[in-house]
Amino acid sequence: MDCLFSDLAADAGADDVSCQATYLLQGTAHGGTGPYSFSWSPAEFLDDPTSETPLATLAEPVLFCLEVTDGAGCRREASVFITPQTFGVSAFPSGAQGLEAMRLEAEITCIDGQTQWQWQNLVTQEVFGINENPVQLASVLNETTQFSLTALNAAATVAETTLVVLVSSNSSFLDPNGDGCNSISDLHHYLPDWRLETSFDGDGNGIMDVRDYLYISINQTSPCR
Ligand SMILES: [Ca+2]
Ligand SMILES: [Ca+2]
């Protein structure tokens with residue numbers, strides 16, 4: 001039989017992330033001539049590389065290749081990329097206060113049925129609602145503020161992340177060019193002062209340099225006039 005025209009097809013399943021230490025691969029074959037045999041690689045992560053659905057043990061992302069051979073000796077290949085993931089939280093490490101109240105958002109991975117999480121303002125100690133994420137702040141911050149998001153899962157494992165919202169004591173840094181929105185144009189506004197001594201900088205150290213630009217939000221919020 002000419003395998004070029006065989007309708008044999010192999011499927012290794014959809015790419016996936018795994019919150020467990022083990023992951024059951026889902027190989028399938030269609031068409032061709034039965035019976036099918038399966039060969040997965042790399043075999044070292046698998047309990048049975050000749051199984052249609054072997055159990056993989058993962059410590060790192062792995063691309064698995066599946067080769068299906070049918071009764072006529074025809075072969076087809078497929079692959080699947082499995083990424084192990086653990087319980088954890090992550091957020092952008094910092095941002096700058098602009099004209100509008102900030103929205104804080106973290107990514108929480110491997111949530112189980114009992115996982116709870118909570119944002120907190122570490123300056124005022126204000127806590128936000130249980131399982132509230134993202135959090136929309138009620139007002140514009142008037143000082144540099146650190147926030148934390150703490151999550152707890154069913155196994156009592158704690159995961160935490162923090163982020164800082166930079167606020168200059170110089171209020172013009174909320175909208176340097178004063179056009180009513182936070183855009184890339186605001187970064188250009190202080191360029192004439194670059195490396196110059198000034199009493200009008202973002203971090204208040206008296207010289208305009210790259211650190212001051214961290215205080216400028218470029219997240220355009222409202223339409224500019
Ligand atoms: Ca602006
Ligand atoms: Ca400065």
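**View 1. Serine 148 faces threonine 162, its bridge partner in β16.** This is a predicted model, in which local features need pLDDT of at least 70 and side-chain atom pairs count only at pLDDT 80 or more, while totals for chains, interfaces and linings use all residues. Residues are numbered from 1 along each chain as its sequence is written, with chains lettered from A and ligands numbered from 1 in the order in which they are written. Strand β15 (residues 145–152) runs antiparallel to β16, and the two share 8 bridges. Strands here are DSSP runs of E, at least two residues long, and helices are runs of H or I, at least four long, numbered from the N terminus; two strands count as paired if DSSP finds at least two bridges between them.

**View 2. Four strands make up an open sheet.** Read across, the order is β10-β16-β15-β13, and the pairing is mixed. β10 (94–96) and β13 (116–121) each have a single partner strand, so one side of each is left without a neighbour in the sheet. From one strand to the next the twist averages 20 degrees, with axes fitted as lines to C-alpha atoms (for helices, over the stretch in contact) and angles between N-to-C directions running from 0 to 180 degrees. As a reminder, strands of a sheet pair through backbone hydrogen bonds, either parallel or antiparallel.

**View 3. The largest nonpolar core has 20 residues.** Such a core is a set of buried Ala, Val, Leu, Ile, Met, Phe, Trp, Tyr and Cys residues joined through C-beta atoms within 7 Å. Buried means 20 or more other C-beta atoms within 10 Å of the residue's own, exposed means 12 or fewer, and partly exposed is in between, with C-beta atoms placed from the backbone. Val89, Leu104, Leu149, Ala151, Leu166 and Tyr215 touch the most other members. At least two residues each come from β9 (88–91), β13, β15 and β16, and β16 gives the largest share, 4 residues. A separate core of 14 residues includes Ala10, Tyr23, Val68 and Val80.

**View 4. Alanine 151 has its own set of contacts.** Leaving out residues up to four places away in sequence, alanine 151 touches Val89, Ile108, Thr115, Gln116, Trp117 and Ala159. A contact here means C-beta atoms, placed from the backbone, within 7 Å.

**View 5. Glycine 71 sits in the loop between β7 (62–69) and β8 (75–84).** Glycine 71 is partly exposed, because 13 other C-beta atoms lie within 10 Å. Beyond residues up to four places away in sequence, glycine 71 touches Thr33, Gly34 and Pro35. Glutamate 143 is 72 residues from glycine 71 in sequence and 72 Å from it in space, C-alpha to C-alpha.

**View 6. The chain falls into three pieces: domain 1 (3–84), domain 2 (88–165) and domain 3 (171–213).** These bounds come from an automatic or database domain assignment. Over C-alpha atoms, the centres of domain 1 and domain 3 are 56 Å apart.

Key. Two residues are in contact if their C-beta atoms, placed from the backbone, lie within 7 Å.
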